[in-house]
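Colleague: I would like to learn how to read a structure step by step, with the general idea set out before each case. Could we go through it together?

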Amino acid sequence: MMDLLAEPKLKRPFRRRVFYVPGYDPFHPRRYRELYRRHGAAQAEISGYALTLKPRTTPGPFGWHVSAGMEGGFAETDIAVLAWSDIVRDSTGRGILSTYLHLLRTVWIYFATGAAFRLVRLRTGPVLAALYPVLVLLVQFGLAVALGLHLSGIVGGLVWPPLGWLAGGALAVALLRWFRRRDAVFLAHDLMHDFGHSAQSWGATPPRLQERMARFRAAISEAMRDEADEILVIGHSTGARLAVSIMADVIRGGLPAKRPALALLTLGQVVPMVSFLPRAERLRADLNYLAARDELTWVDVTAPGDACCFALCDPVSVSGVAPEDKRWPLVISAAFSRTLSPERWRALRWRFFRLHFQYLCAFDRPEDYDYFRITAGPLTLAERFRGRAPSRSRIDRAASGYVSMSA
């Protein structure tokens with residue numbers, strides 16, 4: 001199979017630059033390279049094409065180079081990770097008290113604005129996933145307080161009440177710290193900060209993240225002057241809404257007359273978690289702007305089997321900002337129940353957070369969505385999905401209570 005890459009090339013290979021915007025994850029970009037390497041090899045074996053990775057030679061953010069032979073052609077792709085994991089780590093590295101204050105503020109914002117009720121009516125799964133850390137943290141707090149009070153009563157009755165209060169308080173704090181140290185099992189603290197990150201500014205993008213996004217825009221705009229055939233920007237999960245705003249600004253900034261094809265691929269998006277909040281005027285304006293542009297192709301891929309995303313919800317339409325001349329996104333399903341074998345589907349079905357990353361992984365029975373063909377194959381996103389009808393199950397009714405926009 002690897003001999004495909006050694007065949008004589010009658011014309012230069014297709015050239016692509018990929019910019020991947022991760023979700024709210026504290027992981028080093030190396031994790032995404034290893035995920036791509038492992039699952040790319042698996043998908044190549046399943047689908048019968050050639051795909052090899054090697055170090056990237058171009059300057060810029062962390063990334064890797066992919067050489068591929070498939071679909072009767074060859075492609076050379078540079079993939080760069082637009083990392084903001086340091087911002088994530090800074091936000092998740094706070095103390096226990098900070099986490100609980102974050103919890104109270106986040107729950108208040110979503111319920112006081114009515115966004116929580118509108119989101120539940122739109123899709124229950126991602127709201128339940130967002131509430132999971134709230135419930136776990138409250139259970140942990142209740143258990144710590146209950147055991148602390150129990151010990152306080154025992155020690156206070158046997159020795160001295162003030163000593164009982166001290167012992168009970170110490171036990172409660174120790175238990176909360178124990179839970180925090182084992183958050184790799186519970187995933188409560190990190191997921192709480194993920195949930196709260198969307199609401200911390202009532203939907204507005206925090207200044208530090210705005211600055212990072214400006215750097216991402218500059219990197220993509222610079223690549224537009226490259227000799228590539230396609231510039232593909234991918235936003236996964238929370239990264240999808242960042243990618244929307246980044247791409248809107250890239251186009252607003254002006255594009256070269258002679259340029260590569262421009263494409264946006266959003267995967268497992270949770271855009272409504274932000275766009276339904278009152279101060280998300282800028283995001284709503286970007287959704288409205290991007291939906292009518294003819295300078296790009298925008299494909300949105302989700303799956304009903306992914307409980308952590310707003311599956312098949314058109315992020316523009318449900319946010320209530322669809323323009324009259326709306327073109328994008330093309331909303332399609334990755335259809336996990338069909339594209340994964342019955343054995344794998346049974347094994348992964350209840351592993352909600354693992355399924356949320358399935359878009360970046362190999363499929364046993366790939367249909368028209370194949371992450372590795374899209375990122376490393378010899379066709380542009382526009383060519384690959386030309387004529388593809390949107391999912392018949394998509395949700396495109398306006399559901400947000402806030403539709404104001406600002407540039």
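Modeller: Let us start with contact, which means heavy atoms within 4.5 Å. With that in hand, and leaving aside its neighbours within four places in sequence, serine 404 is in contact with Pro278, Glu281 and Arg284. Before we continue, please note that this is a predicted model, in which local features need pLDDT of at least 70 and side-chain atom pairs count only at pLDDT 80 or more, while totals for chains, interfaces and linings use all residues. Residues are numbered from 1 along each chain as its sequence is written, and side-chain values use heavy atoms, with hydrogens and water left out.

Colleague: How many residues along the chain lie between serine 404 and proline 278, and what separates their C-alpha atoms?

Modeller: The two are 126 residues apart along the chain, and their C-alpha atoms are separated by 8.1 Å. Serine 404 belongs to the segment after α18, where helices (H or I, at least four residues) and strands (E, at least two) are DSSP runs, numbered from the N terminus.

Colleague: Is serine 404 buried or exposed, or something in between?

Modeller: The general idea is a scale of relative accessible area: buried means under 20%, exposed over 50%, and partly exposed in between, computed with a 1.4 Å probe on protein chains only. Serine 404 is partly exposed, because its relative accessible area is 38%. Serine 400, also placed in the segment after α18 (381–384), counts as buried because its relative accessibility is 14%.

Colleague: What does serine 400 touch, leaving aside its neighbours within four places in sequence?

Modeller: Its contacts, with those neighbours left aside, are Arg118, Ser275, Phe276, Val318 and Ser319.

Colleague: How should I read the pairing of strands, and which strands pair with β6?

Modeller: Two strands pair if DSSP finds at least two bridges between them. Strand β5 (residues 230–236) pairs with β6 in the parallel sense over seven bridges, and glycine 235 stands opposite threonine 266 in β6. Between these two strands the chain passes through helix α10 (residues 238–252), and this β-α-β crossover is right-handed, which means that, with the strands pointing away from the viewer, the path from the first strand over the helix to the second runs clockwise. Strand β7 (residues 296–302) also pairs with β6 in the parallel sense, over six bridges, and within β7 valine 299 is the bridge partner of leucine 265.

Colleague: How many of the seven residues of β6 are buried?

Modeller: Six of the seven residues in β6 (residues 261–267) are buried, so by the cut-off given above the strand is mostly covered.

Colleague: What is a nonpolar core, and which members of the largest one touch the most others?

Modeller: In soluble globular proteins, nonpolar side chains tend to be buried together. A nonpolar core is a set of buried Ala, Val, Leu, Ile, Met, Phe, Trp, Tyr and Cys residues joined through side-chain atoms within 4.5 Å. The largest one here has 44 residues, of which Tyr36, Leu267, Val301, Phe336, Tyr359, Tyr369 and Tyr371 touch the most other members. A second, separate core of 39 residues includes Met224, Ile231, Val244 and Val271.

Colleague: How many disulfides are there?

Modeller: A disulfide is a pair of cysteine sulfur atoms within 2.5 Å, and by this rule the count is zero. The sulfur of cysteine 309 is too far for a bond, because the closest cysteine sulfur, in cysteine 308, is 7.9 Å away. For cysteine 361, the closest cysteine sulfur is also in cysteine 308, at 14 Å, and is therefore too far for a bond.

Colleague: What should I look for in the backbone angles?

Modeller: Most residues other than glycine have a negative phi, and most peptide bonds are trans. Here, a cis peptide bond with omega about 0° joins tryptophan 328 and proline 329, and proline 329 is in the loop between α13 and β8 (330–333). Glutamate 71, although it is not a glycine, has a positive phi of about 50°, and its place is in the loop between β3 (63–70) and β4 (73–81). Leucine 187, likewise not a glycine, has a positive phi of about 60°, and is found in the loop between α7 (183–186) and α8 (188–199).
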